[in-house]
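Reader: I am new to this structure. Please take a close look at one part of it, the charged side chains, and go through their pairs and groups in one connected account.

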Amino acid sequence: MEEESGEELGLDRSTPKDFHFYHMDLYDSEDRPQLFPEENPRMRKEVVQAETANESTGAGDGKAQSDLREEVEELVHLYGLEDDHELGDEFVDENMPKMGVSEYPPYGMKRRDPAREQRDWRLSGEAAEAEDLGFGGWGSAGQCQDLREVYRYTHGRASEEYECYVIPEEEDEEEAADVFCVTCKTPIRAFQKVFDEHKEHEVIPLSEALESAKDEIHKNMYKLEKQIIDMENFANHLEEVFITVEENFGKQEQNFESHYNEILETLAQKYEEKIQALGEKKKERLEALYGQLVSCGENLDTCKELMETIEEMCHEEKVDFIKVSVFYTNRLGKFLKTKTDVEISQLMDSINTIPAPSAPVINPQAPNSATGSSVRVCWSLYSDDTVESYQLSYRPVQDSSPGKDQAEFTVTIKETYCSVTDLVPNTQYEFWVTAHNRAGPSPSSERAVYVTAPSPPIIKTKEIRSCEEAVLICWESGNLNPVDSYTVELTQAESPEASGVTESVVGIPTCESLVQLQPGQSYIIYVRALNMGGPSVRSEPATVHTIGSYFRLNKDTCHPWLAISQDGLTIIRSERSTPRREPPPSDTRFTRCVAVMGNLIPVRGHHYWEVEVNEHLDYTVGVAFEDVPKQEDLGANCLSWCMRHTFASSRHKYEFLHNRTTPDIRITVPPKKIGILLDYENSKLSFFNVDLSQHLYTFSCQLHKFVHPCFSLEKPGCLKIHNGISMPKHVTFY
């Protein structure tokens with residue numbers, strides 16, 4: 001500790017000169033040692049013993065001690081230390097005697113020495129502590145040691161103005177949070193919910209908040225892992241696509257390179273052939289020219305000889321000269337006219353002539369370059385050829401065998417393309433072209449086969465089948481030759497002016513298509529045929545509805561005794577049409593059971609139709625597989641499920657037959673209209689009395705493949721089928 005100065009404090013009361021005041025912590029602490037006599041019994045006992053010993057020294061010492069106590073009590077009262085008991089009663093100095101009043105150190109507060117403010121007051125060693133605190137030889141050595149231990153424990157610090165040792169207040173351990181504020185997203189203590197700003201906030205137990213946070217973390221981790229897996233799958237897919245594109249690009253590059261090399265080889269070969277042909281022609285013409293020059297020289301020599309002969313004859317007699325001159329003149333004239341002039345003209349023509357063009361190259365047919373009655377043909381020619389016109393020839397190809405004798409047609413044009421019209425749809429034609437100039441025609445090009453677009457298909461409206469989710473469309477090709485594919489175009493018939501195509505199904509190889517549609521809508525359907533030449537025009541439209549299931553009766557399965565109406569929805573059995581003999585057995589037509597089947601669309605889901613019956617008529621209605629035996633009654637095998645009604649002697653008998661078995665069910669009110677519900681999803685077949693909205697019976701079927709409606713009449717009468725209708729509400733419960 002620092003040395004004390006001798007300056008006195010400016011207080012109201014005078015204090016002893018050498019008085020030291022040690023200011024202690026004003027707050028109680030459980031860990032604070034018992035420093036003062038009230039709190040430290042051992043020190044209190046030793047002090048009492050010292051006071052008892054001092055009493056024997058004399059009255060003077062007792063008076064001085066009592067004065068000192070009064071001054072200490074006044075200071076205690078001045079600093080408010082009466083209740084805390086934190087100010088000691090006696091402090092000693094090492095230089096004072098152990099017993100007696102004079103041994104108490106003087107109580108006083110001195111100012112610090114400014115020169116010693118920089119010195120650390122925490123001195124190591126007991127000597128420094130004793131020097132700073134002023135603990136002398138008062139009391140026993142144990143008392144001084146206790147005071148030193150108290151000083152070390154409290155870790156006091158010096159104030160700025162006075163030499164007062166303040167024992168810092170020990171901070172209580174912060175109380176752990178036990179609830180969680182949902183509004184602030186932070187843990188708090190329970191009393192803060194009552195008195196703090198969290199009073200109106202929602203709080204939950206800390207364990208519950210911890211579990212909720214863990215669950216949220218697990219959910220986020222699961223989502224993150226799922227996203228990572230999706231990203232990895234997407235990356236793998238991109239890698240596969242990249243590899244596929246790279247492989248295709250490599251193949252295409254190889255194909256283009258090989259095709260390019262083939263073209264170069266072909267051009268080089270043709271170039272060599274042309275050069276060789278031109279060389280041969282040049283040689284032939286030079287040889288001919290050389291021969292003509294030799295002949296001309298010979299003719300000149302002959303003329304010279306004739307001139308000399310004429311000159312010799314001029315000296316002879318005139319009569320003989322005239323006779324001979326006439327002969328030689330005629331001979332010379334014939335020579336000049338017949339030989340020399342002709343050869344010279346041929347020579348000049350050969351020098352000024354233009355070569356005939358080479359053969360054109362006709363292009364193969366481009367996609368969508370034809371209609372049903374026309375086709376566009378294109379070709380090309382070498383740029384150094386002089387062409388005045390082209391002659392395009394064509395003829396039809398029958399039985400896909402080019403070269404047969406057919407009528408040929410020729411068109412003369414000046415361009416390298418031509419649109420040929422008045423052709424037959426979906427028919428192949430072979431074309432070839434020649435180039436012409438003053439020198440003559442070129443060789444003909446290679447022959448190329450072009451095809452016209454097909455004729456529009458013909459939709460079979462009577463064979464269209466539909467349900468709430470799809471429609472099955474059938475059509476005829478309308479072409480003698482096969483086509484590549486078909487396209488179905490659909491337009492919603494919401495308004496008469498609607499003409500845009502809402503959906504197209506392309507690449508259909510056969511003459512039927514099952515198209516998925518929206519329920520409760522009406523559609524207008526068109527069909528196009530496609531081949532290499534292009535698409536045909538639209539077929540005649542057909543209207544379909546996705547309201548309920550719509551089907552017609554199949555005439556190919558109809559028993560000969562039955563007749564089907566024109567609309568395909570009414571079955572009639574008349575007495576006149578019933579022969580005595582049964583028809584021969586057949587795999588497709590009913591022979592023993594007078595029945596007929598309907599063509600239901602092959603779509604799993606719900607199908608509903610109704611049958612209007614006569615209560616005095618013997619009939620059978622239900623469903624059966626397509627391969628049900630045609631020589632057995634309906635319901636007599638495991639391939640059919642039927643409801644049969646027989647009427648005899650004013651009694652109605654109803655049976656629900658499957659494999660010759662029926663449950664014992666009594667129907668009191670004969671139905672006039674029977675509703676049939678086929679449920680593929682639940683493998684059930686239900687029958688209803690439509691007029692009473694009454695459920696009659698439900699089969700549990702094993703529908704491993706598609707079934708078709710079936711109808712039978714055991715006696716003359718008729719059954720009328722109602723389909724393409726919405727399902728009643730009472731039916732939806734079964």
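Author: Glutamate 489 counts as buried because its relative accessible area is 10%; buried means under 20% relative accessible area, exposed means over 50%, and partly exposed lies in between (1.4 Å probe, protein chains only). This is a predicted model, in which local features need pLDDT of at least 70 and side-chain atom pairs count only at pLDDT 80 or more, while totals for chains, interfaces and linings use all residues. Residues are numbered from 1 along each chain as its sequence is written, and side-chain values use heavy atoms, with hydrogens and water left out.

The side chain of glutamate 489 meets that of arginine 538 in a salt bridge, at 3.0 Å from N to O. A salt bridge here is a side-chain nitrogen of Lys or Arg within 4 Å of a carboxyl oxygen of Asp or Glu. This pair links distant parts of the chain, 49 residues apart: glutamate 489 is in strand 17 (residues 485-492), and arginine 538 is in the loop between strand 21 (534-535) and strand 22 (542-545). Strands (E, at least two residues) and helices (H or I, at least four) are DSSP runs, numbered from the N terminus.

The structure holds 10 salt bridges. Another of them joins arginine 395 and glutamate 430, whose closest N and O atoms are 2.4 Å apart. Here too the pair links distant parts of the chain, with arginine 395 in strand 8 (residues 389-397) and glutamate 430 in strand 11 (residues 428-437), 35 residues apart. Both arginine 395 and glutamate 430 are buried.

A further salt bridge is formed by arginine 666 and aspartate 664, with 3.8 Å between the closest N and O atoms. Both of these residues are exposed. Salt bridges that share partners also join Arg395, Glu408, Glu430 and Arg447 into one network.

Other charged residues gather in surface patches. Such patches are made of residues with over 30% relative accessible area and no salt bridge, where like charges are joined within 9 Å. Lys and Arg count as positive and Asp and Glu as negative, with His and the chain ends not counted. The place of a charge is taken as NZ of Lys, CZ of Arg, CG of Asp or CD of Glu.

The negative patch consists of Glu298, Asp301, Glu305, Glu308, Glu311 and Glu312. Glutamate 308 lies in helix 6 (residues 206-314) and counts as partly exposed because its relative accessibility is 42%. A positive patch is made of Lys270, Lys274, Lys281 and Arg285, and lysine 281 is also found in helix 6.

Aspartate 422 has a positive phi of about 60 degrees, although it is not a glycine. Its place is in the loop between strand 10 (417-420) and strand 11. Aspartate 422 counts as exposed because its relative accessibility is 74%.

Key:
Patch = residues over 30% accessible without salt bridge, like charges linked within 9 Å, V, L, I, M, F, W, Y side chains within 5 Å. Areas by Shrake-Rupley, 256 points an atom, 1.4 Å probe, with all protein chains shown as cover.
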